[in-house]
Amino acid sequence: MALKPCVRQLGGVAQVWRCVSRSIAHQTYRITAGNTCHDINDAQKAAGPTSARLPRLRHTIPESYEKVEVSTAEWSYVERLLPLKSIPKPTGNPGEVMPSGWVVPSAKPGDYPYFVPRSANHMLPVYLLHKPILSKHVTSVKHVQGDIFALSEELREHLTQLLPSRKIINMRVHEPHQMIQIKGQFVTELKEFLLKKGF
Amino acid sequence: EHHCIMAQRLFYPTLRNSLRCFGTTPGWQTEAVAVPQAPSAPLILNETSEIDKNVAEVAREAWIETLDPSGENLHVGLIHLHPKVFATYPRLDIIHENVVWQQKYRMVNTSHTKLRSEVRGGGRKPWPQKGTGRARHGSIRSPLWKGGGVVHGPRAFTTQFYMLSFGKRIMGLTSTLSAKFAQDDLKIVENLDMPSDEAGFLEKLCEDRCWGPSVLFVDDCDLMPRNITVATDTINHINLMPVYGLNVYSMLKHNTVVLTVSASQCIEERILHHLNKPDYHLINCAKCYNK
């Protein structure tokens, strides 16, 4: 595509920069005040002798469409496609296991000295932090309320039981941030542990 | 939302007598129900039964006070504050990050050092390339030379602008509101209508109630009533703020933060809307290690 000055006289305008191209798709038109959007052919004629001629188009509204009926009967079909404004509350009895594997929480804040609420998406707050280059994995349990040290001791016991070969389990109890970090990949084990407790 | 605020303003004169309002919060809470009551019934607001019981945090209750000391009671009613906004475990590091961000994002560094091309002189080759026993140099203002230009020094008008992630800003607000409430520095007031427009009246009121030297009044509408505007005009440490101006720095800067009922409801509604929306994870999606 080359930009060339195209000199043409139209209502006193001497010069206009226009994109000159072989392909019709790249043609640009300068539509004056007199033209309507329907009359593209006239605009083409005004644009200059070098522009290609597109087939003549006439946008007309057929008579059958002139009568418009307002109906709200189909709104339900539209509404069910709109995105949700807030995360819906899950239904189910406490402790119930859904077909997807998701478990309804059953523990109440008073049951244990600690309490681990679900995240906003109703998932368990166990996350794996991993730097992709190093083989450094850290499993963290967040949003631990109450006696976080009691939970950390129970987790340590549970993990030593599961992995008797491992001598040291490095744990970091971060009380101000309400989280426990364990060196290694223990997401599945911790999630099972918490589900058994009912969190 | 605006028509709701206007409706509330109309109802204020009869608030004590007629309405028992529930908070305007997202769909998972109960809808607003107006229950007509006897004129002498106490005003209890935002008592929703739909607050998640499976959380250790319980809804907090706060007195609704008036700025009009002439009535029988200073406490006009009771309001329930949502635990996810006013009763979170405050994250001090996030509060700090918010304060630093608020100070730094508008900072422009004016410190400036000259490059070798900007230092005066140094256009000529000091001595020929070869022949003299000295090292080869092209200009007396190269960075190797004393008095020469600085290579990677500060350049004037460098912006320190950055945006803290949305989640951190939300958490900053909730942490600060929770901390203020826990420390008895958050007061809820029916509205900002005062009987007098004297600065001394307001100062005495704040002293009587042991509201700290500096007070921040937050209302949901940015056009405040006349009396309080005139009274606070001359006092620099008592300030008025609309809800959309609420920020961590201002809340920490002022000893006491006084919210009107409508402001607290507006804050709750907006923060809960953001905490409960399904695409929250898409905002500022950045994986942080060890945070």
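Q: In which sense do β7(B) and strand β9 of chain B pair, and over how many bridges?

A: Strands of a sheet pair through backbone hydrogen bonds, either parallel or antiparallel. In this predicted model, β7(B) and β9 (residues 256-260) of chain B pair in the parallel sense, over 4 bridges. Within β9(B), B:Thr256 is the bridge partner of B:Val215.

Q: What is the order of the strands in the open sheet of chain B?

A: The sheet has 7 strands in the order β1-β3-β2-β6-β9-β7-β8, with mixed pairing. At its edges stand β1 (43-45) and β8 of chain B; each has a single partner strand, so one side of each is left without a neighbour in the sheet. From one strand to the next, the twist averages 30 degrees.

Q: Which residues of helix α6 of chain B are buried?

A: In α6 (residues 226-233) of chain B, the buried residues are B:Asn227, B:Ile228, B:Ala231 and B:Thr232. Seen down the axis of α6(B), they fall within an arc of 115 degrees, so they line one face of the helix. On the other side of α6(B), B:Arg226 and B:Asp233 are exposed. The cover over the buried residues of α6(B) includes α5 (199-208), β7 (215-219) and β8 (238-242) of chain B.

Q: How many disulfides does the structure hold?

A: A disulfide is a covalent bond between the sulfur atoms of two cysteines. The structure holds 0 disulfides over all chains. For B:Cys221, the closest cysteine sulfur is in B:Cys266, and at 11 Å it is too far for a bond. B:Cys221 is buried, with a relative accessible area of 19%, and B:Cys266 also counts as buried, at 13%.

Definitions and conventions. Residues are numbered from 1 along each chain as its sequence is written. Chains are lettered from A and ligands numbered from 1 in the order in which they are written. This is a predicted model: local features need pLDDT of at least 70, side-chain atom pairs count only at pLDDT 80 or more; totals for chains, interfaces and linings use all residues. Side-chain values use heavy atoms; hydrogens and water are left out. A disulfide is a pair of cysteine sulfur atoms within 2.5 Å. Buried means under 20% relative accessible area, exposed over 50%, partly exposed in between (1.4 Å probe, protein chains only). Helices (H or I, at least four residues) and strands (E, at least two) are DSSP runs, numbered from the N terminus. The arc is that of the directions from the helix axis to the C-beta atoms. Contact means heavy atoms within 4.5 Å. Two strands pair if DSSP finds at least two bridges between them. Axes are lines fitted to C-alpha atoms, for helices over the stretch in contact, and angles run from 0 to 180 degrees between N-to-C directions.
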